[in-house]
Amino acid sequence: MIILGIETSCDETSAAVLDGGTVKSNVISSQLVHARYGGVVPELASRAHQRMIIEVVDEALTKAGVTKNDLQSIAATQGPGLAGALLVGLCFGKAMAYGLQVPFVGINHMEGHLYSNFLTKEKPSYPFVSLIVSGGHSMLVHVKAPFEHRVLGQTRDDAAGEAFDKVAKMLGLGYPGGPVIDKLSVDGNPRAINFPRSYLNHDTFDFSFSGIKTAVLYYLKHQGLFDPDLGELSINQQHLADICASFQEAVVDVLVSKTLLAANELNVKVIALAGGVSANSSLRKRMKHETEKRHFKLFYPPLEYCMDNAAMIAYVGWMKLQRQIESGFDIPAVANLELT
Ligand code: KG4
Ligand code: ZN
């Protein structure tokens, strides 16, 4: 089955073509317009999706060597995400499916991340524990079988990626912050500053990352590095690298320990990382080390499937259509769609 996937939930306009679950193309256009604002501006995101959607879909078809008449189904992200951004891809997908008279299916973006490790040859076996960490979400999910999953815990405030982005903004490093902090951390000492680890109670798999973000702000102020009136930071390169590495270490500590705790408690030996933050080199390294020690199997997607992408949406669409699950053309975009 040749399926077109469309993803426009945040600031990536993406389209992908899959044939029988195999990726034939995955085109991602990242919106650069947000960089100067230090975060995604919803209205600008919707407009950029509108400008890019036709071009991105055309490119995905061309790269896959198919025309629109070869498409047998279409999947598009229904939520969660920015309402206006979601509407662009969802309406485009519905209209195309209606015009081509092919089945349409709306996809939960988080389900996309959950199955992003199935886009490569070696796939996780069930049951597995998934750590989904992105700009909008941080959650631990127990996946027992296809579409049989239970959310174990999620963030109570900021998502892990959001914390990276906000700290990067404080440090004047631009947006998105994760990749820059990751890069600068290589030359920093992760033990230079002891930022707080918010483990919450040991009986919860929830996360909280707003405290560490505030701790970084207080550190900058107390060290006299930050002038809040001018909004300026005066800091040398080594100190900056140390702050980045110490912040990253604190976030990674919490993510790794909660994930291992969940796997231990559920007696699950397969762990899958997903979402933008799963690109983080320190998180990957630490997870690799800890899972090897325990003889667990670890999966993380290649970079293009960590970030928001349409291949993961098309894959879940393909899984659903195989199970005769499709959507009506009346489904709405749902900004806070839950992973149930
Ligand atoms: O999954 P994603 O592309 O979009 C959302 O659904 O949010 O994730 C984007 C997030 C951003 O917050 C970005 O800073 C973070 O992922 N990110 C990283 C890295 N690469 C991207 N965070 C830490 N280390 C990275 N290498
Ligand atoms: Zn995402």
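Q: H295, then: buried or exposed?
A: H295 counts as exposed because its relative accessibility is 70% (exposed means over 50% relative accessible area, buried under 20%, partly exposed in between, with a 1.4 Å probe and protein chains only). This is a predicted model, in which local features need pLDDT of at least 70 and side-chain atom pairs count only at pLDDT 80 or more, while totals for chains, interfaces and linings use all residues. Residues are numbered from 1 along each chain as its sequence is written, chains are lettered from A and ligands numbered from 1 in the order in which they are written, and side-chain values use heavy atoms, with hydrogens and water left out.

Q: Where is H295 placed?
A: H295 is in the loop between helix 8 (281–293) and strand 12 (297–299). Helices (H or I, at least four residues) and strands (E, at least two) are DSSP runs, numbered from the N terminus.

Q: What about the backbone phi of H295?
A: The phi of H295 is positive, about 60°, although H295 is not a glycine. Most residues other than glycine have a negative phi.

Q: Which loop holds F147, and what is its phi?
A: F147 has a positive phi of about 65° and is not a glycine. Its loop joins strand 7 (138–145) to strand 8 (148–154). With a relative accessible area of 22%, F147 is partly exposed.

Q: Now the peptide bonds: what is the one from G79 to P80, cis or trans?
A: That peptide bond, from G79 to P80, is cis, with omega near -5°. P80 is in the loop between strand 4 (73–79) and helix 2 (83–100). The bond from Y126 to P127 is also cis, and its omega is near -5°. P127 is in the loop between helix 3 and strand 6 (128–133). Most peptide bonds are trans.

Q: On to the ligand. Where does ligand 1 sit?
A: Ligand 1 sits in the largest pocket. A pocket is found on a 1 Å grid over the protein atoms alone, as an open set of points with protein on both sides within 12 Å along at least five of seven lines. A molecule sits in a pocket if more than half of its atoms lie within 2 Å of its grid points.

Q: Which elements build the shell around it?
A: Helix 3 (109–114), helix 4 (160–170) and helix 5 (177–185) each give two or more residues to the shell around ligand 1. Helix 5 provides the largest share, four residues.

Q: And which residues come nearest to ligand 1?
A: There are 21 residues around ligand 1, and G135, D165, G178, D182 and N280 come nearest (a residue is near if one of its heavy atoms lies within 4 Å).

Q: How much of the ligand's area does the protein bury?
A: The protein buries 89% of the 550 Å² that ligand 1 exposes when taken alone, by the Shrake-Rupley method with a 1.4 Å probe.

Q: Back to helix 5. Which of its residues are buried?
A: The buried residues of helix 5 are G177, G178, I181, D182, L184 and S185. Helix 4, helix 7 and helix 8 are among the elements that cover them.

Q: What does Q248 touch?
A: Apart from neighbours within four places in sequence, Q248 is in contact (heavy atoms within 4.5 Å) with F164, I181, D182, S185, N280 and S282. Q248 lies in helix 7 (residues 237–266) and counts as buried because its relative accessibility is 5%.

Q: Last topic, helix 1. Is A64 buried or exposed?
A: A64, a residue of helix 1, is buried, since its relative accessible area is 17%. Beyond neighbours within four places in sequence, A64 contacts V17, K24 and S25. A64 and S25 are 39 residues apart along the chain, yet their C-alpha atoms are separated by 5.1 Å.

Q: And L44 and R51, how exposed are they?
A: L44, in helix 1 (residues 42–64), counts as partly exposed at 21% relative accessibility. Leaving out neighbours within four places in sequence, L44 contacts Q31, V33, H34 and Y37. R51, also in helix 1, counts as exposed because its relative accessibility is 60%.

Conventions
1 Å grid on protein atoms, 1.4 Å probe; cavity = no way out; pocket = protein on both sides within 12 Å on 5 of 7 lines; lining within 4 Å.
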